[in-house]
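Biologist: Could you take me through this model, one region at a time? I would like the numbering and the criteria stated as we go.

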Amino acid sequence: MSYSLEQVQQASRLFFDLLRRKVISLDDPAAAECLQDTVAYDALQYVAKEAGCRIMNSGHRLHLLVSPMGSGFASNFTQLRNKYSRIERKTHLHIINVIILVFLAEMDQDEQHFKPGQDSMSYIQLSDQVSALFQTWMDMDEDCSFSKQWRLDIQAMHKVWSSLYMQTKSQEEGDSLTRGAGSRIGLIHEGMKLLEEEHLVFISENEKRIFPREELYERMRYLYHDVDRYKELKALIGRTLSEKEDEAHAAH
């Protein structure tokens with residue numbers, strides 16, 4: 001398909017706007033104009049594909065999704081470590097991924113009853129769930145077969161997580177949240193800021209609480225639910241935490 005100069009320029013403007021904003025409402029004039037012209041919208045998809053990205057249309061918003069491989073905008077661990085100098089070791093990045101998955105699993109429990117603005121999770125709740133998860137997985141990983149089965153470096157993650165205080169002294173004394181690998185709260189804030197930068201959550205720093213945005217539910221519904229690895233780990237996390245909660249209730 002051939003594109004006119006005007007259509008390419010229109011698609012390029014919207015693409016770079018998406019790069020900056022990550023998510024754009026279909027009511028946005030630039031998005032609405034592009035969607036009205038099927039050839040311009042095809043040009044947008046082509047520009048995104050050439051950049052190693054793709055466009056997801058949820059019916060309410062356009063999401064820019066970056067391919068993990070082959071994209072000039074994708075970040076491997078080295079690039080991520082350079083961007084986020086607080087992430088010093090690959091194990092920290094693995095823990096951040098688990099933190100994000102635990103949060104998503106908590107928010108992604110009932111697709112028919114997503115409640116943007118009502119569902120939320122505190123940093124302390126998230127920390128407690130991550131701690132319970134790592135401890136249970138460690139109990140199941142004496143011969144490392146569980147780690148191999150799930151392709152998770154459980155021993156290393158548990159060792160690092162267990163060595164961290166909930167907060168650093170400066171975090172305890174200050175009112176604002178700070179990112180970094182020096183505490184559990186710092187790693188949680190690192191992970192949640194990654195979601196916030198994608199415009200998927202809102203963080204109340206005063207309450208130390210994360211609120212999912214409608215964009216997160218769209219991302220889960222139209223993308224994550226089609227990813228086998230996400231579905232497998234979400235089910236594993238949900239099952240592990242449910243069994244841990246049942247054990248706690250039985251003990252009382």
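This is a predicted model: local features need pLDDT of at least 70, side-chain atom pairs count only at pLDDT 80 or more; totals for chains, interfaces and linings use all residues.

Biologist: In what order do the three strands of the open sheet run?

Modeller: The order is β1-β3-β2, with antiparallel pairing. The edge strands are β1 (23-25) and β2, each pairing on one side only. On average, neighbouring strands are turned by 20° against each other, direction ignored. Strands here are DSSP runs of E of at least two residues, and helices are runs of H or I of at least four, numbered from the N terminus. Two strands pair if DSSP finds at least two bridges between them.

Biologist: How many bridges join β1 to β3?

Modeller: Three bridges join these antiparallel strands. Serine 25 stands opposite arginine 61 in β3.

Biologist: Which helix lies across β1, β2 and β3?

Modeller: Helix α11 (residues 214-222) does, running at about 65° to β3. Axes are lines fitted to C-alpha atoms, for helices over the stretch in contact, and angles run from 0 to 180 degrees between N-to-C directions. Contact means heavy atoms within 4.5 Å.

Biologist: Now serine 58. Where is its place, and is it buried or exposed?

Modeller: Serine 58 sits in the loop between β2 (53-57) and β3 (61-66). It is buried, with a relative accessible area of 6%. The cut-offs are under 20% relative accessible area for buried, over 50% for exposed and partly exposed in between (1.4 Å probe, protein chains only).

Biologist: What does serine 58 touch?

Modeller: Not counting residues up to four places away in sequence, serine 58 touches His63, Glu218 and Tyr222. Its side chain makes a polar contact of 2.9 Å with the side chain of glutamate 218. A polar atom of the serine 58 side chain also lies 3.2 Å from the backbone nitrogen of histidine 60. A polar contact is a pair of N or O atoms within 3.5 Å; within protein, one must be able to donate a hydrogen and the other to accept it, and residues adjacent in sequence count only if both atoms are side-chain atoms.

Biologist: Turning to α1, what covers its buried residues?

Modeller: The cover includes β1, α2 (29-36), α3 (38-50), β2 and β3. Among the buried residues of α1 are Leu14, Phe15 and Leu18. After α1 comes lysine 22, whose phi is positive, near 75°.

Biologist: Which other residue has a positive phi although it is not a glycine?

Modeller: Histidine 199 has a positive phi of about 60°, and is placed in the loop between α10 (184-197) and β5 (201-204). Histidine 199 is partly exposed, at 31% relative accessibility. Arginine 151 also has a positive phi, near 55°, and is exposed, with a relative accessible area of 59%. Most residues other than glycine have a negative phi.

Biologist: Finally, in which helix does isoleucine 154 lie?

Modeller: Isoleucine 154 lies in helix α8 and is buried, at 0% relative accessibility. Leaving aside neighbours within four places in sequence, isoleucine 154 is in contact with Trp137, Met138, Asp141, Phe146 and Ser147.

Methods: Residues are numbered from 1 along each chain as its sequence is written. Side-chain values use heavy atoms; hydrogens and water are left out.
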